[in-house]
Amino acid sequence: MRDPLFLESPFLMHFKKAIVFLHDLLVAGLAWLLAFHFRFNFSIPDSNKESLLWSLVIVVSVQGVVFWGFGLYRSLWRFASLPDLRRIVLAVLVSTLAFVMALFLYRRLEQVPRSVLLLDPILLITFMGGSRFLYRSWKDGHLIPIRKLSATPVLVLGAGQSASRLLRELFRGSEWEVVGLLDDDPQKKGRMLSGVTVLGAVSELAGCAKKYDVTQVILAMPSASPWRRRTVVEAANAAGLTVLTVPRLEDLLTGRLSVSQIRRVELEDLLGRGRVKLDEAGLHGLLTNRAVLVTGAGGSIGSELCRQIARFSPSKLMLLESNEFALYRIEQEFFEHFPSIPIIALSADVRDPRRLDELFQRFSPQVVFHAAAYKHVPLMENDNCWEAVRNNVLGTLNTAHAAIRQGVEKFVFISSDKAVNPTNVMGATKRLAEMVCQGLHSVGKTQFVVVRFGNVLGSTGSVIPKFKEQIARGGPLTVTHPDMTRYFMLIPEAAQLVLQAGLMGKGGELFVLDMGSPVKILDLAQDMIRLSGFKHDEIKIVFTGLRAGEKIKEELLADEEKTLPTHHSKVRIARAREVSPTFLNDLCNWIEQTPILSDEEVKRGLRDWIPEYSFERAPQPPRHR
């Protein structure tokens with residue numbers, strides 16, 4: 001929601017300026033009158049009363065002109081600050097020099113005491129600056145220290161720059177009352193920040209919460225390490241407190257913080273994925289005023305790619321999706337949030353080469369991001385193997401051929417860490433699709449770039465939404481294996497790095513995104529229970545055993561592959577084995593054969609194409625914890 005300040009009408013804004021200007025003229029006259037009275041101990045001689053009146057008119061008139069010229073009425077009292085005070089001091093000093101010259105020229109300062117010329121600017125600066133800062137203090141809630149009856153008492157963890165900005169926001173509202181700060185810097189203990197005392201270290205949280213009857217804490221340490229945030233959250237949860245947090249430091253420093261942005265700590269906050277630095281200039285060259293097509297545009301990654309691409313103002317953005325509802329949803333989102341971006345919603349199946357050719361010819365995309373895929377491992381492992389091959393491999397082949405025929409400049413294929421030493425059909429088909437892009441690189445002018453990464457938090461069908469649903473039902477949470485680990489990144493981060501890798505690629509590369517350290521699924525489940533306000537004995541965790549095709553641990557690189565660093569810290573380049581010259585023809589003959597292959601026939605065929613593919617299952621763990 002926009003600040004109501006920016007919703008005021010021009011008339012109201014001009015009216016407020018006039019009121020402030022009138023206020024300054026009145027205090028200017030008051031300062032001049034008081035200066036005279038102070039000079040004569042409030043007993044002005046008759047000989048000086050006439051000079052007081054004629055000089056008052058000249059002084060106030062000159063000061064009014066100077067004040068307006070200095071732009072004092074472009075500032076808002078609501079946000080009065082030291083730069084405003086400096087501007088007031090300078091304006092008063094200049095106006096003093098100006099009216100002294102005017103008085104000298106008019107009557108050579110006759111009957112105007114010299115001490116009045118010194119007292120007037122001091123009084124005027126006090127009146128003008130004091131009234132502005134009193135108004136801001138009143139609006140910020142500093143003038144009335146009485147506890148707000150409807151406010152919720154809260155402790156703030158952290159006493160740095162972010163906490164200072166947060167306190168200013170909280171003082172303006174009536175929802176929260178900050179009763180104290182906690183910070184591990186011993187030098188800050190007992191000191192005050194914006195009128196709030198630093199009570200002690202974060203380790204004293206439980207005692208302070210009990211003393212001040214606090215049930216909620218706000219974590220104002222956006223630059224803290226993931227380990228530190230996790231420790232604080234665990235301590236707060238152990239004390240039975242609800243933990244809220246503020247946006248990242250980068251967002252706070254831009255001044256966009258508002259109370260509405262304070263939210264409960266989510267799992268993403270504990271993973272601590274760093275902010276992605278993008279080559280903005282290069283991406284503008286790749287995407288701005290260019291025709292861009294995204295396949296699978298209604299999916300988690302595809303839709304986020306569309307949002308990130310929209311930031312660079314493409315000439316048109318084509319959203320290709322086979323699921324009607326997903327296509328409708330992303331179309332409506334763009335109508336609402338990106339009305340200036342020309343979008344084309346295309347209902348199409350990547351397995352239909354004629355439809356793809358028709359669309360590529362009609363809309364002439366210059367850059368293609370191919371995100372369409374079947375990605376759910378257990379679903380594709382049994383009874384759907386041939387469909388996985390057709391969608392993930394044939395779909396990639398069809399889209400790539402259409403891109404080559406139309407002369408697309410760059411084709412970015414989004415792959416998966418499950419393509420490394422695959423143990424399931426989904427991973428094997430993604431590896432085969434990678435090989436398709438490698439094989440087609442030298443066929444035409446299109447540059448083929450492959451980007452490989454792991455799981456994304458919150459994507460459709462991923463473990464996090466599933467855990468949330470299970471917690472909402474009261475549990476239990478189902479985890480396949482106690483040692484199951486996965487690499488995770490946030491959806492926006494993944495999309496941004498895909499764009500960055502797409503920009504860096506010149507054709508034929510296989511990029512691997514930095515996924516950080518692997519995370520145990522059991523730890524995720526335990527974190528989500530704590531973050532939801534429950535204890536471990538209130539929500540059970542049940543081990544169900546590995547599903548068909550699942551690995552206990554994922555990999556990002558095959559055994560035969562090596563990576564090299566790039567100029568971007570989160571993107572590495574891999575060297576996969578070469579694809580044989582006859583690979584594409586043989587693959588097309590296999591996929592386009594008339595009979596539908598059984599699951600076993602598909603798996604045997606995939607093993608012929610990908611020698612490292614194996615689908616032996618791991619031993620089952622105990623089912624309950």
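# A tour of the aromatic pairs and a helix contact

The structure holds 11 aromatic pairs. Rings of Phe, Tyr and Trp (its six-membered ring) pair if their centres lie within 6.5 Å; planes under 30 degrees apart count as stacked, over 60 as edge-to-face and the rest as tilted. A pair of aromatic rings is described by the distance of the centres and the angle of the planes.

This is a predicted model, where local features need pLDDT of at least 70, side-chain atom pairs count only at pLDDT 80 or more, and totals for chains, interfaces and linings use all residues. Residues are numbered from 1 along each chain as its sequence is written, and side-chain values use heavy atoms, with hydrogens and water left out.

**Stop 1: W386 and W590.** Select these two residues. They form an edge-to-face pair, 5.7 Å centre to centre, with 85 degrees between the planes. W386 lies in helix α15 and W590 in helix α20, so the pair ties together parts that are 204 residues apart in sequence. Helices (H or I, at least four residues) and strands (E, at least two) are DSSP runs, numbered from the N terminus. Both W386 and W590 are buried. Buried means under 20% relative accessible area, exposed over 50%, partly exposed in between (1.4 Å probe, protein chains only).

**Stop 2: F411 and F448.** Now select this pair. It is tilted: 5.0 Å centre to centre, 45 degrees between the planes. F411 sits in strand β12 (residues 410-416) and F448 in strand β13 (residues 447-453), 37 residues apart. F411 and F448 are both buried.

**Stop 3: a ring cluster.** Select W32, F36, F40 and F99. Ring pairs link these four into a cluster.

**Stop 4: two helices.** Show α15 (residues 385-406) and α20 (residues 583-591). They pack at an angle of about 140 degrees, with axes 11 Å apart. Axes are lines fitted to C-alpha atoms, for helices over the stretch in contact, and angles run from 0 to 180 degrees between N-to-C directions. What makes the contact between α15 and α20? From α15 come W386, V389, V393, L394 and L397. From α20 come L584, L587, C588, W590 and I591. Contact means heavy atoms within 4.5 Å.

**Last stop: the whole chain.** Zoom out. The chain has 21 helices and 22 strands. Of its 625 residues, 52% are buried. Among contacts between residues at least 6 apart in sequence, 77% join residues at least 24 apart.
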